[in-house]
Amino acid sequence: MPNYRRLRVDGGSWFFTVNLHDRRQTLLVDHVEALRDAVTNTWRTRPFVIDAFIVLPDHLHAIWTLPDDDSDFSGRWRSIKTHFTKSMPTLTTRNGTTARGERRIWQPRFWEHMIRDERDYENHVNYCYINPVKHGLVTRVVDWPYSSFHRDVRAGIFPMDWAGDASITGSFGER
């Protein structure tokens, strides 16, 4: 197996894209409570700040800030993926299993990007929130229920009608 090198920065903020193995499935929205439980269980044992989180049918985007003395986002994603996978009924795994008998729900890796500055942070939060519009799932950001956008509206960070029909351009980890 190749040795993937990931940048390690204690207390860093990161943008992530995490995909299902079979991008035709809708497990993440079909079982969004199980995903929330997996994130919560991981957060309780290995805290992190969720700056933004958006769940789409076949992938998700997140921005996290890790504690000042910690850079292990990979372990957190491994924990979330494991908790979610164990909660899934066997019927949802039409992908089969690996040679070791593991269920193939997630792609084995994920894409990460270290947030460099405030502008980079803003661009990636905007990208997260506009993503359901980009994928044609809704016409307005506020209409997508699986998003921390609603938390940020309640906190007064974004207006409810943010972005309307606007689009965000850039390269953010998916093609």
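1. Histidine 59 belongs to strand S3, which covers residues 59-65. The model considered here is a predicted one. With a relative accessibility of 1%, histidine 59 counts as buried, the limit for that class being under 20%. Its side chain takes part in two kinds of polar contact described here: one joins the side chain of histidine 59 to that of arginine 23 at 3.3 Å, and another joins the side chain of histidine 59 to that of aspartate 58 at 2.8 Å.

2. Strand S3 is part of an open sheet of 4 strands, arranged in the order S2-S3-S1-S4 with antiparallel pairing. S2 and S4 are the edge strands, since each of them pairs on one side only. On average, and with direction ignored, neighbouring strands of this sheet are turned by 15 degrees against each other. In general, the strands of a sheet pair through backbone hydrogen bonds, in either a parallel or an antiparallel manner.

3. The pairing of S2 with S3 runs over 6 bridges in the antiparallel sense. Within it, alanine 52 has isoleucine 63, in S3, as its bridge partner. Helix H4, residues 118-134, packs on the sheet and touches S1, S2, S3 and S4. The direction of H4 makes about 150 degrees with that of S3.

4. Helix H3 comprises 15 residues, 73-87. At 1.5 Å a residue it should span 21 Å, and its end C-alpha atoms are 21 Å apart, so the two values agree. The N-terminal end of H3 is capped by aspartate 72, a side-chain oxygen of which lies 2.8 Å from the backbone nitrogen of glycine 75.

5. Which residues of H3 are buried? They are Phe73, Ser74, Gly75, Arg76, Trp77, Ser79, Ile80, Lys81, Phe84 and Thr85. The elements that cover the buried residues of H3 include the strands S1 (13-19), S2 (49-55), S3 and S4 (111-114). Helix H1 (27-30) and helix H2 (32-45) are also among the covering elements.

6. How many aromatic pairs does a search of the whole structure find? The search finds 18. In one of them, the rings of tryptophan 144 and tyrosine 146 have centres 5.3 Å apart and planes at 80 degrees, so this pair is edge-to-face; the class requires an angle over 60 degrees. Tryptophan 144 counts as buried at 8% relative accessibility, whereas tyrosine 146, with a relative accessible area of 22%, is partly exposed.

7. The rings of phenylalanine 149 and phenylalanine 158 form a tilted pair, because their planes stand at 50 degrees, with the centres 5.7 Å apart. Phenylalanine 149 and phenylalanine 158 are both buried. One aromatic cluster is formed by Trp14, Phe16, Phe48, Trp64, Phe73, Trp77 and Phe110. Phe73 and Trp77 of this cluster are also listed among the buried residues of H3.

8. Finally, the chain as a whole. The protein chain has 5 helices and 4 strands, which follow one another along the sequence in the pattern β-α-α-β-β-α-β-α-α. Of its 175 residues, 47% are buried. Among contacts in the protein chain with a separation of 6 or more, 70% involve residues 24 or more positions apart.

Methods:
Residues numbered from 1 in each chain as written. Heavy atoms only, no water. Helix = DSSP H or I, 4+ residues; strand = E, 2+ residues; numbered from the N terminus. Buried < 20%, exposed > 50% of the residue type's maximum accessible area, 1.4 Å probe, protein only. Polar contact = N/O pair within 3.5 Å; in protein donor to acceptor, adjacent residues only side chain to side chain. Phe/Tyr/Trp six-rings, centres within 6.5 Å; stacked < 30°, edge-to-face > 60°. Expected span 1.5 Å × (residues − 1). Contact = heavy atoms within 4.5 Å. Pairing = 2+ DSSP bridges. Axes fitted to C-alpha atoms, helices over the stretch in contact; angles between N-to-C directions.
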